Amino acid sequence: MKVNAKDVSTIVILSKNKQGTKTFQIKTMHITRLKYYAIGLFSVLALLIGSIAFLNNRNAQQEVEKQLLLSQIVSLKGQIPIALQKQSEKNSAQSYIQAIEGKLKNINDYLRKRGLKGFSTKAVGGDANAEGTKLSDKEVLSAYNDYLTHIVNSVAFTPMGYPRISSMTSSFGYRSDPFNEAHAEFHPGIDFKGNTGDVAKCTANGRVVSAGWNGGYGNCVRVAHANGFETLYGHLSRITVKVGQEVSVGDKVGEVGSTGHSTGAHLHYEVRQNGKPINPVKFLTLNN
């Protein structure tokens, strides 16, 4: 295609010393459109600069958000041990409560084996409105746990309740001699009504220290307990334990009879402390 001369413009480039010129031809329409090219180039540059500024600003915001998230993560990490500690304390408190409930159940079992009515375990923990030094739940529960351990041991190893559930036919202290009413004698225990072969039960945990014939007591069993306590079961028709045997609350030690110095079938029962007879009636119920 032939180009007209008027459609072509010649551009001459001169050096400073006016030596060596360069010329080149360009279509005239490109010269007339140069301003549009400049505007386009400027727009592209402006777009690039704007994009770069936008990306830099976005990166700055993301960095701020990143630092904020990192600080929150550090804060949460710091709270994790506290949360775990609280959970540990909660689990520990629950363990104490379970231990207390177990001890209360043991106490009730001991009481029922003695023929005594158990007690309610509701509202355990005392008066929450009481004034005084405020203890933590763990400290309160620990105190209850120790106290109830003491109670369990006291109840288990202290003679308490009835060796057999029946009425008493003779009390502790001085009385008329059943074989000679003209004379008085000291009766060191209490007698329970019974028939030959009725079960006689141990009233506390302990160890059998004597099991056999014992003078006026006839067939007799003696059991040693904690704190210097000892119980005696006399006039038995049959002994079912041996010397050295460990016995628990409610275990059978023998059967009711009328052996020894006796006028009929009954169970003679004594409680001694440090070898001295004391009134067993004091140990028949918690109220005593």
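**Notebook: contacts and burial in a predicted model**

**Entry 1. The salt bridge of E255.** I began with E255, which has a relative accessible area of 14% and is therefore buried. The model I consulted is a predicted one. I then looked up the partner of E255: its side chain meets that of R238 in a salt bridge, at 3.0 Å from N to O. This pair links distant parts of the chain, with R238 in strand β10 and E255 in strand β12 (residues 252-256), 17 residues apart. R238 has a relative accessible area of 44%, so I noted it as partly exposed.

**Entry 2. Other salt bridges.** How many salt bridges does a search of the whole structure find? I recorded 6 salt bridges. One of them joins the side chains of R164 and D198, at 3.4 Å from N to O. Here too the pair links distant parts of the chain: R164 is in the loop between α3 and β3, D198 is in the loop between β6 (190-193) and β7 (199-201), and 34 residues separate them. I checked the accessibility of each partner. R164 counts as buried because its relative accessibility is 14%, while D198, at 21%, counts as partly exposed. The cut-off for buried is under 20%.

I next examined E270 and R272, whose side chains meet in a salt bridge at 2.9 Å, N to O. Are E270 and R272 buried or exposed? E270 has a relative accessible area of 0% and is therefore buried. R272 is buried as well, with a value of 17%. I also found that salt bridges with shared partners join R222, E230, E270 and R272 into one network.

**Entry 3. Aromatic pairs.** I turned to the aromatic rings, for which a search of the whole structure finds 6 pairs. F172 lies in the loop between β3 (168-170) and β4 (173-177) and F186 in strand β5 (residues 180-187), so the pair ties together parts that are 14 residues apart in sequence. F172 is partly exposed, with a relative accessible area of 24%. F186 is also partly exposed, with a value of 37%.

I then looked up F229 and F283. Their ring centres are 5.5 Å apart and their planes are at 80°, so this pair is edge-to-face. F229 lies in strand β10 (residues 229-239) and F283 in the segment after β14 (276-278), so the pair ties together parts that are 54 residues apart in sequence. Both F229 and F283 are buried. Finally, I noted a cluster in which ring pairs link Y162, F192, Y233 and Y269.

**Entry 4. Helix α3.** Helix α3 (residues 137-157) contains 21 residues. From its first C-alpha to its last it reaches 30 Å, close to the 30 Å expected at 1.5 Å a residue. Which residues of α3 are buried? I listed L141, N145, L148, V152, V155 and A156. Seen down the axis of α3, these buried residues fall within an arc of 100°, so they line one face of the helix.

A143 is found in helix α3, and at 43% relative accessibility it counts as partly exposed.

Entry 5. Most residues other than glycine have a negative phi. I therefore recorded the exceptions that I looked up. H235 is not a glycine, yet it has a positive phi of about 65°. H235 is found in strand β10 and is buried, with a relative accessible area of 6%. N274, another residue other than glycine, has a positive phi near 55°. N274 is placed in the loop between β13 (266-273) and β14, and it counts as exposed because its relative accessibility is 68%.

**Entry 6. A surface patch.** I closed with the surface. L41, V44, L45, L48 and I49 make a nonpolar surface patch of about 490 Å². I checked I49, which is in helix α2 (residues 34-113). At 58% relative accessibility, I49 counts as exposed.

Note on methods. Residues are numbered from 1 along each chain as its sequence is written. This is a predicted model: local features need pLDDT of at least 70, side-chain atom pairs count only at pLDDT 80 or more; totals for chains, interfaces and linings use all residues. Side-chain values use heavy atoms; hydrogens and water are left out. Patches are made of residues with over 30% relative accessible area and no salt bridge: like charges are joined within 9 Å, nonpolar side chains (Val, Leu, Ile, Met, Phe, Trp, Tyr) within 5 Å. Accessible areas come from the Shrake-Rupley method with a 1.4 Å probe; for residues, only the protein chains shown count as cover. A salt bridge is a side-chain nitrogen of Lys or Arg within 4 Å of a carboxyl oxygen of Asp or Glu. Helices (H or I, at least four residues) and strands (E, at least two) are DSSP runs, numbered from the N terminus. Buried means under 20% relative accessible area, exposed over 50%, partly exposed in between (1.4 Å probe, protein chains only). Rings of Phe, Tyr and Trp (its six-membered ring) pair if their centres lie within 6.5 Å; planes under 30 degrees apart count as stacked, over 60 as edge-to-face and the rest as tilted. The expected span of a helix is 1.5 Å times one less than its number of residues. The arc is that of the directions from the helix axis to the C-beta atoms.
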